[in-house]
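Thanks for coming. I will go through one model today, starting with a loop and then moving to the helices and strands around it.

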Amino acid sequence: SCVGVEEEEAPDIDIYHCPNCEKTHGKSTLKKKRNWHKHDTGQTTEVKPVQNGSQVFIKELRSRTFPSAEDIVVKVPGSQLTAEFLEENGFAEPILVPKKDGLGLAVPAPTFYVSDVENYVGPERSVDVTDVTKQKDCKMKLKEFVDYYYSTNRKRVLNVTNLEFSDTRMSSFVEPPDIVKKLSWVENYWPDDALLAKPKVTKYCLICVKDSYTDFHIDSGGASAWYHVLKGEKIFYLIKPASANISLYERWQSAANHSEMFFADQVDKCYKCTVKQGQTLFIPSGWIYATLTPVDCLAFAGHFLHSLSVEMQMRAYEVERRLKIVSLTQFPNFETACWYMGKHLLEKFKGLHKAGQQPPAHLLQGAKILNGAFRSWTKKQALAEHEDELPENFKPAQLIKDLAKEIRLSENASKASRADTSASTAAEELCPVEKEEAPSPVRVTPPPPPVEKLPKKKTPKTVKTPKQLKPSKPPKPPKPPKPPKTPKVKGEGKKKGKKAKESPPPAIPNLDLLEAHTKEALTKIETPKKGKAAKNVLSVPNKESASKQNEVEKFEVREQNKSKTEAKWKYKNSKPDSLLKMEEEHKSEKTPLSGNKDNKFTFSFSNKKLLGSKGVKTHLNTSVFGSLQNFKEDKAKPVRDEYEYVSDDGELKIDEFPIRRKKNTAKRELPFLSDKKEALQHTPVKKPKVESVPYK
């Protein structure tokens, strides 16, 4: 300070002249610029790679051509951008609103400028400033930055991107768009009196000078962002958040020399979108983007979490944690926001179920993902890292359990409704006998996990009514239904395509006609999963009739498929816990039921571990059980819990949050499912299948 040399200028000085010598020798002599590397000291002669943000880089970037964002950016008038619009069309692509009319967005008049920002935020406010050429951050007082901004010859390119002003006098001039307030978790579900303060990410002021460049990034917490350009313009380089791109992004970010690599060169498409004065751009969760400022620019922005892309938010958050990225626009207490949202969803689902209504699909999916995250954050080994973001007075274990239960209720209800529609068609395709069966019992059991339904019926029925076995034989003739396999695939597709793979095993050709027919029936059932549970039941009887050998063969095939699917699930922790729980419950229920019929039967079940047991083959009426089991597995798999570990041979190892289900559970849930359940009650016909027990 005593000799007037700024710290950033020191490396550029070759021969320093003190203030006394400057009178006779002139100013200090500077090193000659030989390259544009940010670590350049000017002394080396070898050419270093171009540094992102350097003058050479900016020049190259301006001269490059990129695919136009017209292909991906949706243009919507402000008045049309409503929550209903986004729920219908999704919010997976950027949205550009040409004029702010109808958006509910409040910003100052265009005459408002940087000096006004200083005035309303306060000149002494410390701000993070990015030195674009070096891509380094430093702290400055706002008044120092404003002086720099208005100076005639700027020696450096400085950029302010994270001036959050919601707690200043300037806040009254800016209101985020209505859609943001409507969707934002923090705005709507974070209590005002919470001990943990609300994340301050709603109002950013961006002061960017010409040639400012912000390298590729994903907004913290996978938050979505809105940008409104008050003065000047901004260019966004947008990359879709496809899985491959996110993996590449993670690799690029973790490279030591990532500031020398232009990330857009590594992906197949990077779109260029220019946002001009008065326009507003909404960037969805997970998008990877960079920004360039071609002329001095003043803009406002904000970040928000919402329920339309919970999965992407969670994925981006995990990437951020792995990379240990600390951005200037960090989303603090992301997990706390998720806990508050989980609590809200629990209350909402309870209210809807009381009223006999079902939550929208995107909320159900979001709840599953949140519950999966809650489980992983509260594991013993992980709790220490995550407990400081747990809201006060929260009971995480109880919340997880209750939310899983509500998710199950919703899924069973939707399955039931689907079943109603699909059951009739499916039944027709099978044989009349099957039809009858399908309608009844399945429904009753469904209220708990759908999987349970089938297994329960099967075991009890089989044991009880060997006679019915005969009827199931008639289904054999329906062999023609084999073609329905295709539908099977569809249904499976729903289950992430896993099922599809399983059901169509090539083994079919070897099986008897009967087996083939049964398989078809099963597949059909699996396909609709929700409404087709009945179908499964039907197909089972056919199997019973089938010869034991056939059954064994089938069982083996099934088993193979199972192991495949299970392996897949093993790696997919994203599956909602609720589903997993359901699966488990089904299993447990099955065992007890079979027990009633035939103790031996039950025991063999439990010993084997329903899921992947290889031993089961021998004891079970393979055909019936196998088909059932397979069906169960298909459904349940999605449900596999993070806490349930499946060993290579498919056995269930542990469930740290077992859901205790009583046999009567079905009754409890029945009220809202009652119509459907009654229809399914016919399924008793199925019982014949179990007959195989004596066979054991």
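I will start with N333, which sits in the loop between α9 and α10. Keep in mind that this is a predicted model. N333 is not a glycine, yet its phi is positive, at about 55 degrees. For background, most residues other than glycine have a negative phi. Is N333 buried or exposed? Its relative accessibility is 19%, and the cut-off for buried is under 20%, so N333 counts as buried.

K324 is also placed in the loop between α9 and α10. Its phi is near 55 degrees, again a positive value in a residue other than glycine. K324 has a relative accessible area of 68%, so it is exposed.

Two packed helices are described by the angle between their axes and the distance between the axes. Helix α9 covers residues 310–323 and helix α10 covers residues 334–354; they pack at an angle of about 155 degrees, and their axes are 12 Å apart. Angles over 145 degrees count as roughly antiparallel, which means that α9 is roughly antiparallel to α10. The crossing of these two helices, α9 and α10, is left-handed.

Which residues make the contact between α9 and α10? On the α9 side they are Q313, M314, Y317 and R321, and on the α10 side F334, E335 and C338. Sorted by class, the contact of α9 with α10 has four nonpolar residues, one polar and two charged.

Helix α9 has another partner to look at. The axes of α9 and helix α11, residues 361–377, come within 8 Å and cross at roughly 30 degrees. Angles under 35 degrees count as roughly parallel, so α9 is roughly parallel to α11. From α9, the contact uses V310, E311, M314, Y317 and E318. From α11, it uses Q365, G366, I369, L370, A373 and W377. By class, the contact of α9 with α11 has seven nonpolar, two polar and two charged residues. Note that M314 and Y317 are listed in the contact with α10 and also in the contact with α11.

Next, the strands. Strand β9, residues 212–218, is mostly covered, with six of its seven residues buried. What does β9 pair with? Strand β13, residues 288–304, is joined to β9 by five bridges, and the two run antiparallel.

T291 counts as buried because its relative accessibility is 6%. Leaving out residues up to four places away in sequence, T291 touches S212, Y213, T214, K234, I235 and F236. T291 and T274 are 17 residues apart in sequence, and their C-alpha atoms are 9.6 Å apart in space.

Last, the whole protein. How many helices and strands does the protein have? There are 28 helices and 13 strands. Of the 696 residues in the protein, 57% are buried. Among contacts with a separation of 6 or more, residues 24 or more positions apart account for 80%.

That is what I have.

Note on methods
Residues are numbered from 1 along each chain as its sequence is written. This is a predicted model: local features need pLDDT of at least 70, side-chain atom pairs count only at pLDDT 80 or more; totals for chains, interfaces and linings use all residues. Side-chain values use heavy atoms; hydrogens and water are left out. Buried means under 20% relative accessible area, exposed over 50%, partly exposed in between (1.4 Å probe, protein chains only). Helices (H or I, at least four residues) and strands (E, at least two) are DSSP runs, numbered from the N terminus. Two strands pair if DSSP finds at least two bridges between them. Axes are lines fitted to C-alpha atoms, for helices over the stretch in contact, and angles run from 0 to 180 degrees between N-to-C directions. Angles under 35 degrees count as roughly parallel, over 145 as roughly antiparallel, 65 to 115 as roughly perpendicular and the rest as oblique. A crossing is left-handed if the near helix is turned anticlockwise from the far one by less than a right angle, and right-handed if clockwise. Contact means heavy atoms within 4.5 Å. Ala, Val, Leu, Ile, Met, Phe, Trp, Tyr, Cys and Pro count as nonpolar, Asp, Glu, Lys and Arg as charged, and the others, Gly among them, as polar.
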